[in-house]
Amino acid sequence: MNDHQQSQREYTRWLILLTLSNARSLGASEGLILTTLQSIPVQLTALELRREFDYLQDKKLLEITQQHTGRWFIKLTSDGVDIVEYVVECPKGIARPERYWGQ
């Protein structure tokens, strides 16, 4: 794995959190999130997206519900909201930009 790939994964994780923040309080389907990220554009497959969901779920930043169709539905947890809103320190592995506006 090279630094560019690692940076891309960390940036993708941040974009996932931002997307889910905009989908609060309902959450979003994995298809909607994938489409949103690919429009930025981020080169990402559905499998890669699920890996990043798993990573963020392990950090307790989002919740995944598998629907009867096999699709995933994702919502931010309160910890995920705190990360997006800059309330708490961001864990390593997520490329959250530094806060540049007033404290």
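# Briefing on a predicted model

Val81 sits in helix α4. The structure is a predicted model.

- Apart from its neighbours within four places in sequence, Val81 is in contact with Arg24 and Leu76.
- Between the C-alpha atoms of Val81 and Ile40 there are 22 Å in space, and the two residues are 41 residues apart in sequence.

**Helix α1**

- Helix α1 runs over residues 3–22.
- The 20 residues of α1, at 1.5 Å a residue, should span 28 Å, and the C-alpha atoms at its ends are 29 Å apart, so the two values agree.
- Which residues of α1 are buried? They are Thr12, Arg13, Trp14, Leu15, Ile16, Leu17, Thr19, Leu20 and Ser21.
- These buried residues of α1 pack against β1 (28–29), α2, α3, β2, β3 and α4.
- Ser21 belongs to helix α1, and its relative accessible area of 18% is under the 20% limit, so Ser21 is buried.
- Leaving aside neighbours within four places in sequence, the contacts of Ser21 are Leu76 and Val84.
- Leu18 is also in helix α1, but at 29% relative accessibility Leu18 counts as partly exposed, because that value lies between the limits of 20% and 50%.
- Leu18 and Gly80 are 62 residues apart along the chain, while their C-alpha atoms are separated by 9.5 Å.

**The largest nonpolar core**

- The largest nonpolar core has 26 residues, and those touching the most other members are Ile16, Leu17, Ile33 and Phe53.
- At least two residues of this core come from each of α1, α2 (30–38), α3, β2 (62–66), β3 (72–76) and α4 (78–84).
- Helix α1 gives the largest share of this core, five residues.
- Ile16 and Leu17, named above for their contacts within the core, are both among the buried residues of α1.
- What does Phe53 contact, leaving aside its neighbours within four places in sequence? Phe53 is in contact with Ile16, Glu30, Ile33, Leu62, Ile64, Trp72 and Ile74.

**The largest pocket**

- The volume of the largest pocket is about 310 Å³.
- Its lining consists of His4, Gln5, Gln8, Arg9, Thr12, Pro41, Val42, Gln43, Leu44, Glu48, Arg51 and Glu52.
- By residue type, the lining holds three nonpolar, five polar and four charged residues.
- Both α1 and α3 (46–58) supply at least two residues of this lining.
- Which element gives the largest share of the pocket lining? That element is α1, with five residues.
- Thr12 is one of the lining residues of the largest pocket and is also listed among the buried residues of α1.

**Ala46 in α3**

- Ala46 is part of helix α3.
- Is Ala46 buried or partly exposed? Ala46 counts as partly exposed, because its relative accessibility of 41% lies between the limits of 20% and 50%.
- Ala46 and Gly31 lie 15 residues apart in sequence, and the distance between their C-alpha atoms is 8.1 Å.

**Backbone features**

- Arg24 and Ser25 are joined by a cis peptide bond, with omega of about 0°.
- Ser25 is in the loop between α1 and β1.
- Arg24, on one side of this cis bond, is also one of the residues that Val81 contacts.
- Lys60 is not a glycine, yet its phi is positive, at about 65°.
- The loop between α3 and β2 holds Lys60, and with a relative accessible area of 57%, over the 50% limit, Lys60 is therefore exposed.
- Tyr86, also not a glycine, has a positive phi of about 60°.
- Tyr86 is in the segment after α4, and because its relative accessibility of 15% is under 20%, Tyr86 counts as buried.

Key: Residues numbered from 1 in each chain as written. Predicted model: local features only at pLDDT ≥ 70, side-chain atom pairs only at ≥ 80, totals over all residues. Heavy atoms only, no water. 1 Å grid on protein atoms, 1.4 Å probe; cavity = no way out; pocket = protein on both sides within 12 Å on 5 of 7 lines; lining within 4 Å. Points joined across faces, edges and corners; volume = space filled by probe spheres on them. Helix = DSSP H or I, 4+ residues; strand = E, 2+ residues; numbered from the N terminus. Nonpolar A, V, L, I, M, F, W, Y, C, P; charged D, E, K, R; others polar. Core = buried A, V, L, I, M, F, W, Y, C linked by side-chain atoms within 4.5 Å. Buried < 20%, exposed > 50% of the residue type's maximum accessible area, 1.4 Å probe, protein only. Contact = heavy atoms within 4.5 Å. Expected span 1.5 Å × (residues − 1).
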